[in-house]
Amino acid sequence: MESASIGAAQAKIDEEQARRAKRAALKELNINEAGKGMILLTTKLPVVECPPLGHVEQVKALDSSLKRHTALIKRIRQSVGAENHDQILKDINSLSLEKYVDEIVGAVAEGILRCKTEKDVWSAVEAQVISALHRRFPKTFTPALISALSALLAPPPRAALASLSPEQREKEDSARVARQRPVLRICAELALVGIIRDGPDRGGGEWIMKTIRDLLSNDPSLSSLPLLLAFLKSYSRPYLGIIPPTASKQVSASSEQGTLSEAASEEATHVNGAGAFPPITNEEEELVEKEIRDRFKKMCEGYFDNVAKKLVIEHDRLQEQDRRNHEAYIRSGEIFEDRQQAYEKMTKSYEKLLASCQSLSELLYLPMPTLKTATQKTESIQIGMNTGSSILGPDGEDTTAGGKWEDEEERRFYEDIPDLKEYVPRSVLGLEDNGGDETEESKEKERIEKEMVDEEFRKLEEELAEMKLDEDGRAAGTDGLKKQEEGQGEDDAEDAPTPTPGTPKESPSSTPQLAPQGPSQLLTALLARLPDATNRSLIDQAAVDFAFLNSKAARKRLVKFMNQIPKSRTDLLPHYSRLIAILNRYMPDIGSDIVAMLDEEFRYLQRKKNVVKELSEVRLRNITFLSNLTKFRVVPPHVILHMFKVCLDDFSGTNVENLALLLEGCGRFLLRSEETRVPFAKMLELMRRKQSMAHLDQRQLLLLENAYYQCNPPERTARQVKERTPMELFIRHLIYDVLTKKTIDKVLKLLRKLDWNDPIVLRTLHKVFTKPWKIKYSHISLLAMLTYDLHRYHPAFSVGVVDQVLEDIRRGLETNMYSMNQRRIASIKYLGELYIYRLISSSIIFDTLWTLVTFGHPEGRPTPGQPSPIDMPDDFFRIRLVCVLLDTCGMCFDRGPHEKKLDNFLVFFQMYILSKDPLPMDVEFMLTDSLEAVRPKLVMYKTYEDAATAVDEMFAIALQNAGIVTGDGGDDSGEESGEEDEEETERGVREEDEEDELAQGDDEIQERVPSPEAVLLKSKQEFVGPTEEDEAEFAKELAKLVTDTSAESRKIDKKTALALWDTALPPPVVRKKKNEDYDEEGEGPAGEASEDAGVMKFTLFTKRGNKPQTRQIAIPAESALAVQTRTAQMQDKVEHQHLKRLVLNYEQREEAEELKALEARSRQGPIKIRLAG
C-alpha cells in the first residue's frame, strides 16, 4: 500500500512538472515572439515562421475572403476546445484576420464558455488557439480579450440581487458559477503563459488574485465558493505554492493556521532530499512571483477562517434549533410546520456549507474547526422550561404558562430575530476591519447604558418610596413629580444622540417606475411594499433588502416613513417593530431616532390630554408602537417606565386608558423581565392602590381590571391533565389526527386489528365513535363510513353507536342548553351520515324530524300563543337542526313513498316556523337554501292560519287512509279524540313504513321503535305500488333466485318438506287452545281484558332441541304492538263476518238469478211442450 501511494504521488509530481515545463516554454514564446508571426502548431513540431506582417507582398499571400473568415469565426464561437483546434490553427495560419479582430474576440469569449473539460482548456490556451492569436495581434486582440474576460468574471451587482427572491437568487448564483468556472480556468492558464500580465516584467498572478477576491468579498451567501474550489484543485501549486504532504491530506487540529503550507513544503523537501521525489524547481523557474503566492495563500487562508467561523455559527444554530424542536415536541406532542420547514432548510444549507468547508480544508491542508456534538453541549433539555433566560426566578418558568410570552408563536416572533451579518456583507454593515475596536466600543456603550438605567431605577425607587396617598387618592408629591418630569425631559434631551447635521432632504418620489434602477427607486419600491409585509418572512426579507441599500439618507427616509403610519393600521406595528429591531443591531441610529420620535409624540399627547376623541387613535398607535418596540428591547427600560410613571402621576382621563394599553401591550414582558421586574411590580402595586381610592367610572375600572389580570394573571392550580392509557391515546390519534379520505382504509385495518374482546378497548371505541363533535365537521362523514365498515364485522357495536347518537339528540331536546348547540349540530349531521351509509332506516330519520318540531309542545302541535319552556318562540335552533338534517340526507327522499312523507313533514314544518317569531337573517337564508335543495318548487305559506289549515287537511286525509272513521266516537270526535286519532294514524302509517322498508331489501337494518311524539301522515298516493324499475329489479332477482335454488329444491323429498312445514307451525294443542281463546274473546268483549285490565297476553314460541315450547308474555294494551295486533284482529274478524254473510246469501242469490233467467226466456217466445207417446 505504501509503495502504491508513493507511486501515485510520484506520477502526480511528474505530471505537474511536465505541465510547468509546457507553460514555461509557451510563456517564453508568447513574450518573445509576440507580433512576429511565430505560430507553433504543437509543442512537438518545429517553429514555422510566417512572413512579417509589415511586408505588403507577404500580407497579400494570406487569404482575406469573407466566406472563410465567417466560417472561422463561427467555428471559434462553437468551441475552442480539442475537437476544432487543428482546423482553427490552419485558418489562423492562412487568413489575414486584421479586419475581424473584434469579431474574433467575441467569438473566443463565447467559445471559452463551452470549454467544460481540462482537455478543452489546454487546447484553448496551449494548442495555439489563443496563443497564436496573441502572437499575431498582441496590441489589438489581447487587450480586448482580457477586457471581455474581466466582464465575464465580474461579480453580480448587489442591487440586482436585492430585488430577487431567495429562490431566484439561488438559481441565478448556480447559473453564474457554471458560467464563470471555465472562464476562470482559462484566465488562470493565460496568466501562467504570459498573455495576462500585471506589468512588463510581471506575470498575471495579481490579476487573478484580484478577480477572485472581488468574487469572494461580495458574496455573503458563499455562492462563489465552488469557483475557489475549482481553482485550487488545478492551480494551488503554481499560484499558492502548496505541495501535498506525504502522509495524508488532512492534518491535525492542533496545527496552527498559516504555518501548515510551510510545514508541508518542508516535509516535501525533506522527503525529496531522501530520494522519494525529485527536487523542487528553483525560484527563478516559478511562473508566479513569491510575493503574489504568499499574498494569495494568506488571502485563501483568511477566507477559510471566515468560512470556518460561519460553519461553527451555523452548526450552533442547527443544534439550538434541534434542541428547541425537541422541547416543543415533548411539550406539545408535535412540531409546528413552519418550524419543521425552517429546520429542513437550515439543515440543507448547513450540509452544503460543511461539504464546501471540508473540500477547502483538504485543498489548503488546514484543519477543520471543532464542532460541538450533542453530547458536548452543557445545557440540558428541560421539558417545558425556558432555558434561554430566567424570567421570575433562577428556576425558570414555562414559556407558555406564566412566562414572558403567551405562547410559543409569540416568543419566536419577538426573540428569533435574524442576524444581518449572515445575509449581508460586512462592508455594507460597516464591519470591515476594526472588529476588535467595535467590540470594545459596544462594551463601553453597554456599560454606559447600564449605568444610566441603574441611575434611572434608583431615582424611580426613591420617588416610589416617597409617594404617599392623601385622602383624595392623589400622591402627596405630585408637584415634585412634575418638576422631576421636566428635569427628566431635560436629561433625556441631553442623553439623546446628537443628530447628524447636513442631511439632505429627500425630494418626494415621482411616479413609480416599472423597473427601479438606482438606490432611490429601489428604496421607494421597498417602502411601498412594506404595508403588505404582514408575516415574519416578508418583513425579514425587507430588512435584508434595506441593508443592501443602507445609507444615511435611506435611514432618514425610513424613520420618516415610520412616523407616517396610518392611524387605522395598528396591525402593521408589530411587524414594523420587528423590522426596526433587526436593523437596530447594526444601525442603532434608526432605533434611537424612532424612540425619540415616539417619546416626543407621547409628550405632545400628554399636553393635549383634554382632546379625547380626536386624538384617541393617535394615542392607541403611539402606545402600541412603544409596547412592541419594548418587547423587541429597542426602547430602553427606563424610557418605558418613565412613561408609565407619567401616566400614574396624573391618574385620570386619558391616562387611565394609556395605562391599560401599556399593561396590555408590554406589561407581561416588563413584569417578567429580570431587569424591570422589581420597579414595575412597585408601580403595579401603586396603581392598584390609586385605583381603589380614585373615583373612576365603570368603563375605566373594567379596562384597568382586564389589563392588570392580563399582565399579572391570578395564581391558580394547574389543570389536571386526564391520564389516558396508550391504547386510548392510539385510538384517539387514529380518529382525530390520522383519519382523512386518503387514510380511511389504513385506519379501518388498524381498528380491526384491535382486541375487540377487551371491554376497555370496546368502551374507548364507543366513546370516540359517539362524540362526533370532537372531530372536524368535514370528517363526520368519514366517521360514519368507518361505522358502516365496522358493522360488517361488529354489528352490535354499530347498533350501540346509533342508539347513543339518538339518545344524545333526545337529551339535547330535553335540556336545550346553549353550550351544547355545537354538539347537537354534530350529532344531527352524524345521524344523517349514518342514514347515507344505510346504518339506519328512513323511519328513524322521519321520526327524528317530527320529534324536532313536536317535542315539548302541547299535544305535539306548536301554537303561537302556547310557548314551550324548552322551545321558546325566539329560539330558532331546532330550525337549524332540521336544516342540517335535510342538507345531509334530504336529497334521498325524492321519489316513491319517501317523497310524500317529506312533503307532509314540510307542511307541518312550515306551521312550526310560522309559530315562531320572525326569523333572523342567517336562519332565513339557511332555511331557504335547505328547502330549495330538497324541494325547489315548494310554495311557502304566508300565515300561520294557512299552514294550520293545510295541516288539518293533511291529518284528515291521513286518518281516512288509515281506515279510522272519525264519526264512530259520537261526541268524542272533536278535539278530545284528535290526539287519539293522530296516534292511530301514526301507528298505521308506521306499519306501512316498515313494509316499505322490507320491500326495499334492507334486511340488515335493525329497526328502532319510533318515539310516540312523531306523527306520520300519508295519503293513498303513497301506496300506488312499486314502480317499473322496482318491478324489473324484482323480476331479475327472482329469476336469479329460482335458477340458483332449482337444483337444491329437487333434492328435498316430501317427508322433509312436511317436517319443515310442521316445525314452522305451532303444535295442534296450542293452536286449538288459541282458537278457543279467540272464540271466547269474540263471544264476549270482556274476555281477558276483564281478567287483567290494560294487559294483552301473547304466546312466545321457542324451541329447545326438537321440542317446541311456549311462554305467555303480558304486553301493555297501550303499546304499539298491542294496538296493531288488536287492529289486525278486528280487521280479520270483520273480513271473516263479511265472508260468512256472502256464503249464507249465496243460495238466495242463486234462486234470484234463476228466476230472472226464467222470466227472460218467457218473454222471448212460447213454451214448447213435448208429449211422450
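The points below go from the whole chain to single residues.

1. Overall content. The model is predicted. Its chain has 1173 residues, of which 40% count as buried. The secondary structure consists of 47 helices and four strands.

2. Aromatic pairs. The structure contains 18 aromatic pairs. One of them joins Trp405 and Tyr414: the ring centres are 5.2 Å apart and the planes are at 0 degrees, so this pair is stacked. Trp405 and Tyr414 are both buried. A pair of aromatic rings is described by the distance of the centres and the angle of the planes.

3. Phe669 is buried, as is Trp405. Trp405 belongs to the loop between α15 (337-364) and α16 (408-415), whereas Phe669 belongs to helix α27 (residues 654-672), so the pair ties together parts that are 264 residues apart in sequence.

4. Thr654 is another residue of α27. Its relative accessible area is 5%, so Thr654 is buried. Leaving aside residues up to four places away in sequence, Thr654 touches Lys609, Val612 and Arg619.

5. Charges over rings. Two arginines deserve a look. The charged end of Arg688 sits over the ring of Tyr708, at 4.1 Å from the ring centre. Arg752 lies over the face of Tyr793, and the distance to the ring centre is 3.7 Å.

6. Packing of α20 and α22. How do these two helices run relative to each other? The axes of α20 (residues 519-529) and α22 (residues 552-562) come within 11 Å and cross at roughly 25 degrees. The angle is under 35 degrees, and the two helices are therefore roughly parallel to each other. The crossing in which α20 passes α22 is right-handed. On the α20 side, Ser520, Leu523, Thr524 and Leu527 meet Ala554, Arg557, Leu558 and Phe561 of α22.

7. Leu522. This residue lies in helix α20. With a relative accessible area of 13%, Leu522 is buried. Leu522 and Leu549 are 27 residues apart in sequence, and their C-alpha atoms are 7.9 Å apart in space.

8. Positive phi values. Most residues other than glycine have a negative phi, and most peptide bonds are trans. Tyr365 has a positive phi, near 55 degrees. Tyr365 lies in the loop between α15 and α16, the loop that also holds Trp405. Is Tyr365 buried or exposed? At 9% relative accessibility, Tyr365 counts as buried.

9. Arg838. Phi of Arg838 is positive too, with a value near 60 degrees. Arg838 is placed in the loop between α35 (821-836) and α36 (842-854). A relative accessible area of 44% makes Arg838 partly exposed, whereas Tyr365 is buried.

How values were computed. Residues numbered from 1 in each chain as written. Predicted model: local features only at pLDDT ≥ 70, side-chain atom pairs only at ≥ 80, totals over all residues. Heavy atoms only, no water. Phe/Tyr/Trp six-rings, centres within 6.5 Å; stacked < 30°, edge-to-face > 60°. Buried < 20%, exposed > 50% of the residue type's maximum accessible area, 1.4 Å probe, protein only. Lys NZ or Arg CZ within 6 Å of the ring centre and 35° of its normal. Axes fitted to C-alpha atoms, helices over the stretch in contact; angles between N-to-C directions. Parallel < 35°, antiparallel > 145°, perpendicular 65-115°, else oblique. Left-handed = near helix turned anticlockwise from the far one by under 90°. Contact = heavy atoms within 4.5 Å.
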